[in-house]
Amino acid sequence: MTEAAIVHTAPPANLLGMTRAQMAEFMVSLGEKPFRAQQIMKWIHHRGVSNFDDMTDIGKALRERLKSVAEIRPPQVISQHDSKDGTRKWAIGVGGGNVVETVLIPDGDRATLCVSSQVGCSLDCSFCSTGKQGFQRDLSAAEIIGQVWLAIQSYDGFPSHSKRVVTNVVMMGMGEPLLNFDNVVAATGLMMDDLGYGISKRRVTLSTSGVVPALYKLAEVSQVSLAISLHAPNDSLRSELVPVNRRYPISELLEACNHYIAAQPDTHRVVTVEYTLIAGVNDQREHAIELAKLLKDFPCKINLIPFNPFSLSDYQRPSKNAVNRFWQVLTDAGFVTTVRTTRGDDIDAACGQLAGQVVDRTRRSARHLSRSENIQPIKLVNN
Ligand code: SF4
């Protein structure tokens, strides 16, 4: 074949993950008016349409053009499991034999979708099933928002998301969201955008293990609610459980959270502090007392999560007494403290049990983690 005969064609753009601004830019690049972006976003996110031919208010010529350069490709569901308690878990194929998981947890008139942001995770928290599998790659914005799309589709919740299949989203599935910064910001933006899913910013929560420089960057571009995976009341114990603490200790993490809250336009924001209780490790009365002291002046509510055992871990679930004792110390100290009920454990969908399937053949974990070093902290004006 001659050089001239080789035709390079760009892969079709997946419109599912485009923000409002990206979609407008894309339409302009096709010689269209920016308002086309709004029409197309409504078809995708309000009506669940993935076929251009179904977009009846778009002219035939543009539909044909879109078919040649773009696609709306939702995630590929490999399996779906329903728990006795109503929790539903999807396994999503993301290529190369890799699988990520998404879980919807209905609870009265709420339904919380736990969304994954990466294939595996490089941070290797000692109590986490995902961390044990290494890291493969970041999910694209389309693969992240696609988890919301498929959950609604699965319950026949389109058009217009009228049944409100998903009322809350937590970025607490597989992966560290802040190590996939741009795609997570784009996808969470779509969750909150009226042309996307219109979920309140108080109901879209990003949970981080504490990538401090990225938290400063997040304060400039996002209004999501914040949760931190703390799990220990002091640096020596936290560094054992959450290794990223060796790089960004607790004091720096809390300072970055305070900055994030101060940067938000609305008031009365609090950070959710996630604390996984592990029998004999971090569940003693003295840990609770130390935690109360640590968080004395920190605007937060505390969510206690009794550890859910999985095969690759020797950790044990704490006794009910230990959980109650811990809760009581914090409550007596004036903290709003909840204990997360275990949901979906009969389908391995409980907190910390999401494992998916990660093919980590290449030491990507170490390389990826070093990326967090490259996120430059933003200089604080008032410090
Ligand atoms: S707890 Fe989160 S940050 Fe830690 S290894 Fe698991 S997925 Fe990664």
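Visitor: In what order do the strands of the open sheet stand, and which kind of pairing do they show?

Guide: The open sheet holds 10 strands in the order β3-β4-β5-β6-β9-β10-β11-β12-β13-β14, and its pairing is mixed; two strands are said to pair if DSSP finds at least two bridges between them, and strands (E, at least two residues) as well as helices (H or I, at least four) are DSSP runs numbered from the N terminus. This is a predicted model, in which local features need a pLDDT of at least 70 and side-chain atom pairs count only at pLDDT 80 or more, while totals for chains, interfaces and linings use all residues. Residues are numbered from 1 along each chain as its sequence is written.

Visitor: What makes β3 and β14 stand at the edges?

Guide: β3 (76–82) and β14 (337–339) each have a single partner strand, so one side of each is left without a neighbour in the sheet. Direction ignored, neighbouring strands of this sheet are turned by 20° against each other on average.

Visitor: How do you know that β12 and β13 pair?

Guide: Strand β12 (residues 271–277) and strand β13 (residues 300–306) run parallel and are joined by 7 bridges, and since the criterion asks for at least two bridges, they therefore count as paired. Within this pairing, Tyr-275 has Leu-304 of β13 as its bridge partner.

Visitor: Why is Ser-129 called buried, and where is it found?

Guide: Ser-129 is found in the loop between β7 and β8. A residue is buried if 20 or more other C-beta atoms, placed from the backbone, lie within 10 Å of its own, exposed if 12 or fewer do, and partly exposed in between; Ser-129 has 23 such atoms, and it is therefore buried.

Visitor: Why does Asp-124 count as partly exposed, and why is His-268 called exposed?

Guide: Asp-124 has 18 C-beta neighbours inside 10 Å and so counts as partly exposed, whereas His-268 has 8 other C-beta atoms within 10 Å and is therefore exposed. Asp-124 is in the loop between β7 (118–120) and β8 (135–138), and His-268 is in the loop between α8 (250–263) and β12.

Visitor: What is noted about the phi of Asp-124 and of His-268?

Guide: Most residues other than glycine have a negative phi. Asp-124, not a glycine, has a positive phi of about 55°, and the phi of His-268, likewise positive in a residue other than glycine, is near 60°.

Visitor: What is the class make-up of the contact of α4 with α5?

Guide: Helix α4 (residues 141–154) and helix α5 (residues 181–192) pack at an angle of about 30° with their axes 8 Å apart, where axes are lines fitted to C-alpha atoms over the stretch in contact and angles run from 0 to 180 degrees between N-to-C directions. Residues in contact have their C-beta atoms, placed from the backbone, within 7 Å, and those involved include Ile-144 and Val-148 of α4 and Val-184 and Leu-190 of α5. The contact has 9 nonpolar, 1 polar and no charged residues; Ala, Val, Leu, Ile, Met, Phe, Trp, Tyr, Cys and Pro count as nonpolar, Asp, Glu, Lys and Arg as charged, and the others, Gly among them, as polar.

Visitor: How do the residues of the shell around the ligand divide by class?

Guide: The shell divides into 5 nonpolar, 5 polar and 2 charged residues. Asp-124 and Glu-176 are among the residues around the ligand, each counted by having its C-beta atom, placed from the backbone, within 6 Å of the molecule.

Key:
Contact = placed C-beta atoms within 7 Å.
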